Amino acid sequence: MTTQLDRVDVVIVGAGASGAAAAWSLAETGMQIVCLEQGEWTKPHEYPSTTRAWEAQHFGAYSANPNRRGRVTDYPINEKDSPIAIANFNGVGGGTILYNAHFPRFHPSDFRVRSLDGVADDWPIDYETLEPYYDENDRMMGVAGLAGDPAYPDKQTLMKPVPLGRAGQALGRGFNEMGWHWWPSDAAIATEAYDGRAQCINLSACTLGCAQGAKASTDVTYWPHAIRAGVELRTRARVSQILVDDNDMATGVVYFDEAGNEQFQPAEVVILGCNGIGTPRVLLNSTSARFPDGLANRSGLVGKNLMFHPYASIQGIFDEPLDGSRGPGVCVWSQEFYETDLRRGFVRGFTYECNRGRGPVSTAYSGVFSGRVPWGAEHHKHYRKMVERITGMVAICEDLPEESNTVTIDDELVDPDGIPCPKLNYTLSQNSLDMMDFAIQRATEVLKTAGAYDIMSDAPIAGGGWHLMGTARMGTDPERSVVNEWGRSHDVKNLFIIDGSLFVTCAGVNPTRTIGALALYVADSMKKRLATLFD
Amino acid sequence: MNENVIAAERFNPQLRNALAAILDTMIPADSEFSAPSAGSEAIVNDVIQTMTGSSADEIVDLLRTLQETHGKPFNELDDEDRWRVFVDLERSNPHTLRVLGGLALQCYYRNDETLVSLGMEARTPFPLGHKVADGDWSLLNPVRARGKIYREV
């Protein structure tokens with residue numbers, strides 16, 4: 001039997017990068033806000049960097065892939081028809097618990113892809129619209145960086161950049177010799193004490209949760225402020241569907257609590273921030289007589305245009321000792337090949353996100369399973385040629401939206417509460433394949449110039465579906481988009497979307513900084529229209 | 001009872017000896033580097049405690065076969081014969097060898113003696129963290145000199 005709860009003003013689904021930002025922003029209205037999160041609070045004292053077996057946790061309880069991780073708070077995903085597997089985390093903070101905190105902004109050109117390059121679509125908003133929200137999100141998250149990056153318009157920096165270390169210097173010298181752009185990466189990492197968070201101590205394990213609390217996951221940035229401002233955050237609350245009335249207005253959400261009891265949370269406004277897979281999952285599971293193909297899906301575009309960033313990994317082995325895994329993973333970036341140059345054989349471009357190196361176990365895996373380090377008596381000699389001598393980069397390639405790349409509902413797969421789960425159908429485009437090939441060739445050149453004597457490359461990174469975008473895109477045309485230019489559903493006027501699903505195109509950079517800014521922008525748009533929100 | 005305990009209980013002395021011998025074949029001790037053998041007691045214990053479920057089944061089956069099919073137990077073969085058998089196994093049982101190899105590397109390269117032999121500290125990353133040099137920021141001067149590269153819209 002479903003329990004009907006007391007009505008609230010706003011229910012937000014998902015407590016990750018977007019849900020946390022919107023909850024904090026809307027709290028100042030004094031509205032009664034409840035956020036429902038299927039996962040739990042994580043405990044920093046339990047994060048892998050507090051244990052000796054920390055590297056192995058990438059393959060266990062802290063794996064980025066929900067199918068491998070298999071926590072009761074996860075939902076399985078059918079990835080059989082995708083060459084790229086999903087990376088996410090379900091809990092307070094969402095994907096920011098396991099992200100690397102590499103924190104670039106979009107560029108002005110990223111919002112004008114159709115106008116500039118004749119592909120995909122322009123966004124209904126531009127960089128200038130989002131700029132104040134980028135700044136606000138930066139203040140809340142705490143961003144480290146170095147002012148003056150010539151790949152961007154001027155932007156604020158709040159803390160000193162992450163250290164170059166030996167790896168950053170080796171790579172920087174290589175980029176300089178090639179005459180290419182590079183710059184210390186913007187990082188959502190406190191390089192000094194910031195807003196109650198301790199400064200980074202180079203733990204090596206950003207992608208396993210930050211035990212120091214220096215990394216800006218939203219459980220330690222937005223949420224303490226939002227909760228103090230009166231937002232109720234309800235964990236172990238897994239939403240199955242959104243209900244609507246005969247006037248096409250959402251009436252609230254149905255969810256399962258920790259004990260498996262079904263609850264109905266009535267609300268005046270429903271906001272979805274479940275990422276580019278979870279949001280279409282909820283919408284497509286919310287079928288009714290008025291929305292037989294899924295809620296807010298009269299355009300037929302819910303779940304379509306799924307974009308990842310296809311990633312290529314290029315790593316060099318050097319003679320000189322580097323940093324190993326010491327430091328934050330974030331190091332320097334290069335945007336030398338960011339903007340379109342059709343002579344390269346593809347449209348749009350990519351960022352090189354340079355990382356530092358690998359820990360002893362990861363080095364051993366790379367060495368043995370690539371055939372560089374043998375078993376037997378020669379093992380030690382060859383291993384010592386690799387350990388603490390690897391650095392390189394990944395190329396974050398812009399993926400163009402295609403309606404054939406989809407999230408649908410699997411016929412059989414269900415989560416622990418019996419809610420149907422997502423299925424992916426995704427094919428890499430020839431443009432993406434050509435871009436990754438180019439990225440590997442050029443990265444090989446710069447790594448050899450920097451002193452690498454051996455190169456390891458891989459594309460696409462099979463487990464690299466970190467960025468989940470495009471499946472409920474924004475736009476002004478209800479037939480070509482799911483929500484309007486400020487995040488409100490075209491079909492359901494009290495339903496808002498605030499996560500990466502909104503993206504019209506995905507740029508060639510990590511999306512989290514833009515997701516946070518977009519969530520603040522949508523929340524602010526709502527606040528400015530409170531009297532006419534549903535008109 | 002958790003999966004690790006169930007796996008550990010299946011390792012009688014014979015299977016433990018076989019496991020130690022095959023781990024030693026994969027990563028033997030090296031006096032030049034003061035590196036321990038992966039067949040040392042601490043690492044064998046860690047491997048047994050770490051393996052779970054179907055991986056443990058596969059490895060136990062492999063070890064049982066090893067003990068029975070070469071005239072005498074694998075751990076009683078001389079080094080040359082062990083190596084020959086191991087190379088054959090890589091061809092005939094690639095999946096199981098990969099699973100065992102992953103476990104061996106994971107446990108070997110978090111072992112205190114191994115880390116010390118590599119000049120590393122045998123400790124958890126937290127709470128001490130690590131020192132990383134800021135580096136030479138003047139390396140950015142050529143990038144600054146080149147000027148703006150982003151595209152106007």
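This is a predicted model: local features need pLDDT of at least 70, side-chain atom pairs count only at pLDDT 80 or more; totals for chains, interfaces and linings use all residues.
## Basis of the model

Residues are numbered from 1 along each chain as its sequence is written, and chains are lettered from A and ligands numbered from 1 in the order in which they are written.

## Interface of chain B and chain A

Chain A brings 62 residues to the contact and chain B brings 55, where contact means heavy atoms within 4.5 Å. About 4,900 Å² is buried between the two chains, 68% of it on carbon and sulfur atoms; buried area is the accessible area (1.4 Å probe) that two parts lose on being put together, summed over both. In chain B, the residues that lose the most area to chain A are Y109(B), F126(B) and R151(B), which together account for 15% of what that side buries.

Four salt bridges are found across this interface, a salt bridge being a side-chain nitrogen of Lys or Arg within 4 Å of a carboxyl oxygen of Asp or Glu. R151(B) forms a salt bridge with E339(A), at 3.5 Å from N to O.

S481(A) is placed in the loop between β16 (452-458) and β17 (495-497) of chain A; strands are DSSP runs (E, at least two residues), numbered from the N terminus. This serine is buried, at 2% relative accessible area, where buried means under 20% (1.4 Å probe, protein chains only).

The side chain of S481(A) makes a polar contact of 2.8 Å with that of H490(A). A polar atom of the S481(A) side chain also lies 3.3 Å from the backbone oxygen of G475(A). Beyond four places in sequence, the residues in contact with S481(A) include S299(A), L301(A) and R473(A).

## Cysteines

Zero disulfides are found over all chains, a disulfide being a pair of cysteine sulfur atoms within 2.5 Å. For C206(A), the closest cysteine sulfur is that of C200(A), at 6.2 Å, too far for a bond. C206(A) is buried, with 12% relative accessible area. C397(A) is also buried, at 0%, and its sulfur is 9.7 Å from the closest cysteine sulfur, in C506(A), again too far for a bond.

Terms used
Side-chain values use heavy atoms; hydrogens and water are left out. Buried means under 20% relative accessible area, exposed over 50%, partly exposed in between (1.4 Å probe, protein chains only). Helices (H or I, at least four residues) and strands (E, at least two) are DSSP runs, numbered from the N terminus. A polar contact is a pair of N or O atoms within 3.5 Å; within protein, one must be able to donate a hydrogen and the other to accept it, and residues adjacent in sequence count only if both atoms are side-chain atoms.
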